[in-house]
Structure formats: C-alpha cells, structure tokens
Amino acid sequence: MTHRLLRYAGVAVLVVGLNFLLPRWLPGSPVAGGDQTAALPAAARQALTETYHLRDPLWRQFTRYLADLAHGDLGWSMTSHRAVRLMLAERLPWTLGLVGGAVLVAAVFGAAVGWRAATHPRQNGTRVLTSAVFGIGALPEFLLGMLLIVGLASKLRVFPPGGGQTLFIDDAGVLQRLIDLAWHAVLPGLTLVLIIAPAFALLVRNAIAPVLGAPFLTAARARGLPARRLAWHVWRNALPPVVTLLGLRLGAAVAGAAVVERLFAYPGMGWLLFEAVSTRDYPLLQGIVLVSSLAVLTMNFALDAIGAWLDPRTAPS
Amino acid sequence: MITTAALSAPRPRALPAAALIGAALLLFVAAAATLTPLLLPMDPQRIVGDPVSGPTPRFWLGTNAQGHDLFSQMIYGAQTSLLVGFSAAALSVILSALAGVAAGSRGRGRGVALTVIDLFLAVPSMPLAVLLIVTLGPGLWSLIGILALLSWAPFARIVRMQVSATWGRDYVEAARALGASEARIIRSAIVPEIAPILFTKFLLTARWAILMEATLGLLGLADPSRVSWGLILHQALTYPLLFVTDAWAWWAGPPAIGIVATTLGLIAAGREIESRLNPSPR
C-alpha cells in the first residue's frame with residue numbers, strides 16, 4: 001500500500017511541478033511587453049517584477065507557489081479578472097450533475113444490458129438490444145451528439161439544443177427551475193449515457209457469463225437457495241470490475257465532458273476548459289488541469305485501496 | 001493415426017463481410033490521403049467562393065465561413081488524420097515495446113523501466129494533453145509526440161507480462177544454457193512472441209489517435225495552419241447557424257463520417273488480422 005501511495009504522490013508532485021514549470025519554460029517574459037511596440041516603462045516593469053517575485057530563485061518561487069496552492073489559491077484569470085478558484089467552484093456543480101449523473105445511469109443501464117446478454121444470450125430481443133447498444137456506443141461522441149441535436153432539437157424541437165438553463169429562469173418557482181434544468185440535461189446526458197454504457201455492459205457480461213455454469217452455483221441451487229440469493233452470488237463476481245470502472249469514470253468526470261459540453265454549450269468544466277483554450281487564459285487552464293488531474297489521481301488511489309477489500313485476490317502480497 | 005490431410009495447411013477461410021468492408025473503407029481513405037495533390041480540385045486554404053454556401057456542381061460539399069472549398073479540405077484532412085493516427089501509433093508501439101521488453105527482462109534497466117511505466121500509467125492523459133498542446137503550441141509533430149507519449153504505458157505492461165513469461169520458458173532456458181546472448185534471445189524468442197499484440201496495439205492506438213485528433217481539434221487545439229478533420233469540425237461548430245440551417249449536413253457531417261469510417265475500418269480489419277495471427281479460440 002505504501003508503495004502505491006508513494007507512486008501516486010510522485011505523480012501528483014510531477015503534475016504540480018509541470019504546472020509550475022511549463023509557463024516558466026516558455027520563451028518570453030511576463031514583463032517584456034510582448035509584440036507591442038511600446039515596451040513597458042522601466043518603473044512598471046520593476047513593480048511587476050517585485051509583485052510577482054520574478055527575481056527570486058526558482059526554488060523560492062516554487063515554495064511560494066506550493067504555499068498558495070495549500071491555501072486554495074489557484075491564481076487569477078487573465079480574461080475575466082476573477083479568482084480561478086471561484087470560476088471552478090461555479091462550474092463544478094454543473095459538470096458533477098451532468099457527467100456524474102450520466103455515469104451512474106450508464107452504469108445501471110449497462111449492467112442491466114450485460115446481465116441480460118449473459119443470462120439469455122440466444123434470445124432475439126437480447127441480440128437486438130446488445131447490437132444496438134454496442135453499435136451506438138462505437139460512434140464517436142461528437143457524431144452522436146450532433147445527430148441528437150439535429151433530430152430532437154433542431155428538427156423536432158422537443159429538447160433545447162444547448163445551454164444549461166433558460167435565460168432569466170431565476171425568477172420562476174423552484175419546481176419550474178428544476179424541470180428546466182432536467183430538460184436541458186436530457187440531450188447531453190443521453191449522449192454521455194449511450195457512449196459510456198457499453199463498457200459497463202461488456203464488463204458485466206464477461207464477469208457473469210463464466211460463473212453461470214459454475215459448480216458452486218449448481219450446488220447452491222441444489223440446496224434450495226431462493227433466486228434472489230443466487231443472483232447475488234452471481235453479481236458478486238461482477239462487482240470489483242464495475243466498481244473500478246465506475247470510480248475511474250467518476251474521477252474523470254471532474255474534468256467534465258469537454259466534447260459534449262462544447263456541442264451543447266453546457267456551462268460545466270469542459271466548457272470552461274474550451275473557453276480557457278480559446279482565449280489562451282493560462283492561469284485558468286492550469287487551474288482546470290491541476291484540479292482535474294488531482295481528482296483522477298485521488299480516485300485511482302481510492303480504487304486501489306477499495307479494490308483489495310472488494311476482491312482479496314488482487315491484494316498486493 | 002495422423003493423416004496427411006490433418007498435417008497439411010488449413011484451408012484459407014473466406015474473409016467475413018465486416019473485414020472486407022473495413023478494408024475497403026481503409027483503402028478508400030488511404031487512397032484519398034496519398035493521392036491528395038492529384039485529387040485536390042482546389043487549394044484547401046485559398047478563398048475560392050462565397051462564404052458558407054451549400055453544395056454546388058463546383059463546390060461538391062460547399063464552402064466554409066472563409067470561403068474555402070470543403071471537398072478539398074475533406075481530402076486534405078484525410079491525409080492529416082491518417083498521418084497523425086499512424087505516426088502516433090507507430091511511435092507509441094516502439095515506446096511500449098522498448099519499455100515492456102526492458103521491464104520484463106533481467107537487465108539493469110528493469111527497475112527504471114518499471115518505475116517509468118507505473119508513473120505514466122497514473123498520469124491523467126486528457127488534461128495533460130490539453131496543457132502540453134497549449135504550452136507547446138499546436139502543431140502536427142508535437143501533437144503526434146504528445147499522443148504517443150500518453151498512450152504507450154498500458155500496453156507496455158501487457159508486453160512486460162508476455163516478455164517475462166517467455167523468459168521462463170524451457171526453450172529459452174535451453175538457449176541460455178547453450179550460451180545464447182540476451183540480445184539474441186530477445187531477437188529470436190521474445191520479438192516473435194510480442195509481435196502480434198504489438199500489431200493489435202498499433203491498430204487500436206491509431207484509432208484512438210484519430211479520435212483524439214478530432215476531439216482536441218473540436219476544443220480548438222488543432223493546428224490552424226494545417227487542415228484536419230478536427231479543424232473542419234471546430235470551424236463548423238463555431239458557425240452559429242450550423243444546426244439552424246442545413247449546414248451541419250454538408251459541413252460537419254462529412255468529417256464526422258470520415259472519422260467513423262476510418263475508425264470502424266481499423267477495428268474490422270484489426271479483428272480479422274488478429275484472429276489470423278492468433279488462431280487459438282478466445
């Protein structure tokens with residue numbers, strides 16, 4: 001366990017270090033005035049250098065950076081002139097709601113499909129269902145999202161084509177706002193569910209299929225165990241991989257679903273990432289990368305710890 | 001008794017339809033990509049018509065917001081996509097093979113290789129890819145390098161397992177007893193063992209890289225000076241009336257279909273080749 005902890009700590013240090021070093025490796029200097037012909041006056045340059053401690057040795061700058069991070073200070077956005085921390089806090093609920101919710105729905109739906117594929121492999125209904133799920137899941141998410149926009153938003157006008165909520169909805173009642181939020185989440189959420197579900201279906205089917213004919217199950221059936229207890233014995237085998245995939249997906253959810261959020265103009269972390277990239281807002285971009293990387297790392301570490309408890313066979317000897 | 005029929009080579013199986021369609025799709029895209037200069041009706045980066053006009057006999061797929069010919073851009077984009085996909089995959093395969101062989105063998109590099117693999121396995125690839133591209137600046141070769149760097153680690157672990165299993169085989173033991181050098185064993189025993197999985201990895205990574213190129217392009221990270229399918233998609237989505245008019249059908253549709261055709265072709269062809277290289281039932 002300590003070995004794994006060290007490994008994740010090492011990667012975390014690497015990510016933080018890269019975040020700190022990359023802008024300093026770039027050619028140019030923050031006080032050099034860029035392409036503008038009118039260079040900064042010497043006094044302004046002096047003041048900037050002192051404000052940002054640019055003359056300090058690199059290690060001193062790094063310890064200062066770490067201290068700021070420890071206080072939750074992620075810097076100052078260059079385009080909207082607000083604290084990066086606040087901008088992230090604003091977008092995180094949107095993304096966690098949309099992507100997190102979609103991952104949970106996809107896990108349940110995928111598990112149901114996988115269960116059916118394993119228990120009734122020869123039924124025609126199963127064949128239609130699995131080939132539809134896997135066929136749709138093989139499409140890239142931008143194509144699926146575009147098709148849904150064209151079909152359900154643009155042509156049929158059933159769902160809004162984008163955005164997180166209707167403008168000026170704040171005046172309406174709570175129930176109406178909730179319905180509005182859900183309405184806007186349907187198409188991006190559906191895209192994500194259809195993309196994510198096949199992986200869960202495949203995992204569950206592959207974990208369950210070999211167990212169905214196992215002697216211990218026949219023995220349990222012979223002892224007269226009720227069907228629900230039998231089903232639990234089968235499910236138990238699919239649990240470790242499903243929990244792992246669920247965790248990985250939830251960890252990645254913090255970064256948002258950049259493509260889907262871009263397509264549907266959904267105001268989450270992915271859209272924020274797109275905005276940061278298109279305006280080259282480096283502090284914002286670094287904040288997003290840092291937070292989402294640390295979320296993935298924390299989740300992976302937690303999964304390693306839980307995995308050994310869920311399935312003792314994988315415990316490090 | 002063993003009959004001669006059992007000893008003779010198995011009759012070649014007919015190609016399944018999926019593999020044929022996959023190969024046809026790949027060939028089509030590859031032909032478009034390699035014959036680019038001959039096929040291009042016009043320069044994809046020159047203003048040749050009115051901005052955002054639908055398909056006409058002159059502009060088969062219409063024009064984009066700058067007035068560039070979209071059909072020429074599609075063909076040129078095929079070249080970029082295949083170049084990115086295959087170069088990143090080739091580089092990634094080489095890294096996987098080197099690290100996997102080093103980590104699975106008994107040489108001095110073992111510990112170092114294991115640590116580096118573990119480190120890269122834990123690195124979150126998508127955020128890092130975005131950060132690196134923005135800092136290094138979008139460009140074809142930096143994109144290829146970054147995609148290769150972020151995709152080699154998982155397969156290095158599979159290669160390592162195969163390599164260390166092969167080192168334990170009796171015939172390798174026998175070769176060592178006869179005085180074969182480490183380099184010779186790697187060449188004659190290890191490489192044939194890992195070649196099939198490396199080939200599968202090549203196709204899977206090529207598919208992944210083509211999708212990543214499009215995904216990063218969609219986020220505005222494509223090199224704006226080189227037409228790619230990702231760049232066309234990005235420019236299409238920047239057009240505010242894309243889904244209000246029928247512009248999506250001739251502007252965003254073709255690159256999306258091109259990406260799907262290429263990736264499906266890679267999967268179908270890969271599955272067939274894999275089942276021939278490794279005939280044991282799975």
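# Briefing: chains A and B

Going along the sequence, chain B runs α-α-α-α-α-α-α-α-α-α-α-α-α. That comes to 13 helices and 0 strands (helices are DSSP runs of H or I with at least four residues, strands are E runs of at least two, and both are numbered from the N terminus). This is a predicted model, in which local features need pLDDT of at least 70, side-chain atom pairs count only at pLDDT 80 or more, and totals for chains, interfaces and linings use all residues. Residues are numbered from 1 along each chain as its sequence is written, while chains are lettered from A and ligands numbered from 1 in the order in which they are written.

**Chain B overall**

- The C-alpha trace of chain B spans about 75 × 55 × 30 Å along its principal axes.
- Chain B has 282 residues, and 43% of them count as buried (20 or more other C-beta atoms within 10 Å of a residue's own; 12 or fewer is exposed, in between is partly exposed, and C-beta atoms are placed from the backbone).
- Take the contacts in chain B with a separation of 6 or more: 67% of them come from residues 24 or more positions apart (a contact means C-beta atoms, placed from the backbone, within 7 Å).

**Where the chains meet**

- Chain B puts 29 residues into the contact, and chain A puts in 32.
- On the chain B side, α6(B) gives the most, with 7 residues.
- That side of chain B divides into 25 nonpolar, 3 polar and 1 charged (Ala, Val, Leu, Ile, Met, Phe, Trp, Tyr, Cys and Pro are nonpolar, Asp, Glu, Lys and Arg charged, and the others, Gly among them, polar).

**The core**

- The largest nonpolar core has 150 residues, and those with the most contacts inside it are Phe200(A), Leu273(A), Val130(B) and Leu233(B) (a core is a set of buried Ala, Val, Leu, Ile, Met, Phe, Trp, Tyr and Cys residues joined through C-beta atoms within 7 Å).
- Helix α4 (residues 70–104) of chain B gives the most to this core, with 16 residues.
- Leaving aside neighbours within four places in sequence, Leu233(B) touches residues including Phe142(A), Ala214(B) and Pro255(B).

**A loop residue, Arg226(B)**

- Arg226(B) sits in the loop between α10 (182–218) and α11 (229–238) of chain B.
- Arg226(B) counts as partly exposed because it has 18 C-beta neighbours inside 10 Å.
- Arg226(B) and Leu140(B) are 86 residues apart in sequence, but 8.0 Å apart in space, C-alpha to C-alpha.

Conventions:
Contact = placed C-beta atoms within 7 Å.
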